[in-house]
Structures are given as C-alpha cells and as structure tokens.
Amino acid sequence: MKTLTDRQKLILQAIVREYTDTGAAVGSKALTNRLPIHVSSATIRNEMAALEEAGYVQKEHTSSGRVPSLAGYRYYVDHLVNDDPVANNDIALIQSELGGSFSKIDEIVEESANLLSKLTSYTAFTLRPEQADVQLSGFRLVPLGNHQVMAILVMDNGDVANQTFSIPRSMESDQLESVVRLINDQLVGLPLPEVMLKLNTEIPAQIKQYMQTPDGFLGLFNQVLDQAAAERFFVGGRLNLLNFSVNRDPQDLKSLYQLFDTSDDIASVLSPPDNQVRVKIGDEIRNDLLKDYSLVTATYDVGQHGRGMIAVLGPTRMPYSRMIGLVGAFRHELAAKLLDYYRHLDE
C-alpha cells in the first residue's frame, strides 16, 4: 500500500465523503470547497492523478471526475474515517423500539434486525447469542386428542420449543406420564449438548419400558432440541436491497435472497469479528454474490449468556462514518436490552 502525504489523505477523504453523499463523480472544483485547507484546483488535479496512479481513485467514463476504488474505500476505512456521532433521535428510536415487551430472546433479536434496517435503509442481519450453555429446564407432554400429543421443551433462557406427534393407540396416559417423569429426572438441568448425547445413548433403553417403539418419539425430541440449539439469525430490510443493488439481474437477485435464507452460507459471510466494529468491502466478503457490496459487522456481549452479532449490508458507496457509528451504538443498546431481559428471567 502506497504511503500518502497528508494532503493526499485529505483529498482522498474528501472524495469518499463527497461521493458517498452525492453519488456523483468528484471533480477538483467540488473539492476546493470541501477541503479544510486552501489548495488550488491545479494542485488538486495533480494530487487526484497521483491517487489514481496509486489505485485509490478511478475515473468514470462519463465525466472527468473521480470515484473511490475498492482500495480507496479500504484505505479510507482503515486510516481516515471518523465515526459520526449518533443522533439523539436515533438513540431514542432504538431505545423506544427495544423498550417494548418481549416474551423471548428471538423476538428481541428479530425486532433488532428490522429496526437496524429501518435506521440504515440497508439490509440488516442479527444473530442471537450463542447457545452452548443453555440448559433444559422443563419438559411436558400435552394431549391434543385423536392420539396427538404436543411435546413442549422449556430452556433456562426462556426459550420454548414444541413439536406435535402421534402416539400409538395402545399407549395409556400413565405411560405418557412415566415418560415425562423419566425425561425430567434424567435430563432437566443439563446443557443441551449433554441432553442430546443422553438421548442417543442412555435414554432409549429406559423409554422402552413404556413405549414399544420409542424411535419416532426420540427423533421428534431431537428435532425440537436441534431447533432450540440452532444458531438463529434474522434478516431485516430484504427489499432494501433493490434500492442500492448495482446488479439488477433477476437471477442474481434471486440467488442473493436465497443466500439470506441459508444459515450456513450467512454464517460464513458473517464470520465473527473481534470486539470492534469491522468493515468488509467487495471481495473481502468472500462471496461472489456480494463482491459489489460492503458489510459492517459487530459483536454484542451479554456476559455469561454469550455473544451475538449484528451486521449491515449495503453498497460500497455507503456513508461509512455514519454506519460504523450507528452499528457501534446499536450493539450496546441491544446488549443492554438482552441483559435486562435475562435479569428479569432470573428473578
């Protein structure tokens, strides 16, 4: 990476700011009014030519102005960006929207994705805190009639998962109650990974005392546990993609929307950042569908309950200062809301 002079840094910073504000290629005349120092148009043109030669800006075919290259955006984010202070009304909106009554963690995390997309006008992702330490705190079976039963699992973080299944006609209610007691005696209070292990090793033989063919029941039980333990992410502002996508090819847009619905693919895109707000630009996202976009990611910390993640997907021409500041403030407000939720759960 070429070393830039202080003046070149100011000019590159001004080009990025002007271009992300207006969307129009930036000429020397526009920069004379934007720079904090007095520099002639001729000098600015020479410096812009030097920045172009270094690969930080490029010419647009339709004008003599310059636009930032991906390398220019990267240099700007790494060395020149100043986080814009988050507006008081944005903080007030976040606190108001997250201040409502929620019955489970997923509702808070899902609402966060919608709110973050509303604040940024981009597409937002939120990933709930990791679930490794969640314990099974209760299990029961609810008869629904016509030999249908609903299995309900309650986790110690307040999550509830359920699944309906059929029981053999020959199975009596006292046998069902014995199964419930067995599950509660053997599995309640254990972390979910340990619950799953016991379900596949010790529990089947014990349940056979009450059910001739327990495989179907245990399979459904495993499905409910998988649902409870899975990493869950939420997407807000899917349609916002149409407003800033540079590629309007219907097939590419369809592939993008399919990407949003695939947890493994999203997990690879949202590779966990460290404790800082991080920006990936273009090819750095490592997904061909996203090479024309930028991704701002951050983790949020809820102490013993783990860490989650938020992210904003937008064009490379996004206002990075505002996005970095907003994502940074949002993760703190979300963490505070979740910690408050967990506190009330423990009371």
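A contact here means heavy atoms within 4.5 Å. I jot that down before anything else. I also remind myself that this is a predicted model.

**Contacts**
I looked up how far along the sequence the contacts of the protein chain reach. Among contacts between residues at least 6 apart in sequence, 61% join residues at least 24 apart.

**Overall build**
I went through the secondary structure next and found 14 helices and 10 strands in the protein chain. Then I checked the dimensions. The C-alpha trace spans about 90 × 45 × 30 Å along its principal axes. The radius of gyration of the protein chain is 27 Å, whereas a compact globule of 347 residues would come out near 20 Å.

**Surface and burial**
How much of the protein chain is buried? I get 47% of the 347 residues.

**Charges**
I counted charges as well: the protein chain has 32 positive and 44 negative ones. Their mean positions lie 8 Å apart.

**S121**
Now for single residues. I stopped at S121, where phi is near 65°, a positive value in a residue other than glycine. Where is S121 found? I traced S121 to the loop between α6 (105–120) and β3 (123–127). Is S121 exposed, partly exposed or buried? I put S121 down as partly exposed because its relative accessible area is 45%, and partly exposed covers what falls between under 20% for buried and over 50% for exposed.

**R286**
R286 also went into my notes for its backbone: phi is positive, about 60°, although R286 is not a glycine. I found R286 in the loop between β8 (278–281) and β9 (293–301). Its relative accessibility is 79%, so R286 counts as exposed; the cut-off for that is over 50%.

**P191**
My last stop was P191, which sits in the loop between α7 (173–187) and α8 (192–201). With a relative accessible area of 25%, P191 is partly exposed. Buried would need a value under 20%. I also looked up how P191 lies relative to L12. The two are 179 residues apart along the chain, and their C-alpha atoms are separated by 52 Å.

**Recap**
- S121 is partly exposed, at 45%.
- R286 is exposed, at 79%.
- P191 is partly exposed, at 25%.

Key:
Residues numbered from 1 in each chain as written. Predicted model: local features only at pLDDT ≥ 70, side-chain atom pairs only at ≥ 80, totals over all residues. Heavy atoms only, no water. Helix = DSSP H or I, 4+ residues; strand = E, 2+ residues; numbered from the N terminus. Rg over C-alpha atoms; globule rule 2.2 N^0.38 Å. Buried < 20%, exposed > 50% of the residue type's maximum accessible area, 1.4 Å probe, protein only. Lys, Arg positive; Asp, Glu negative; His and termini not counted. Charge placed at Lys NZ, Arg CZ, Asp CG, Glu CD.
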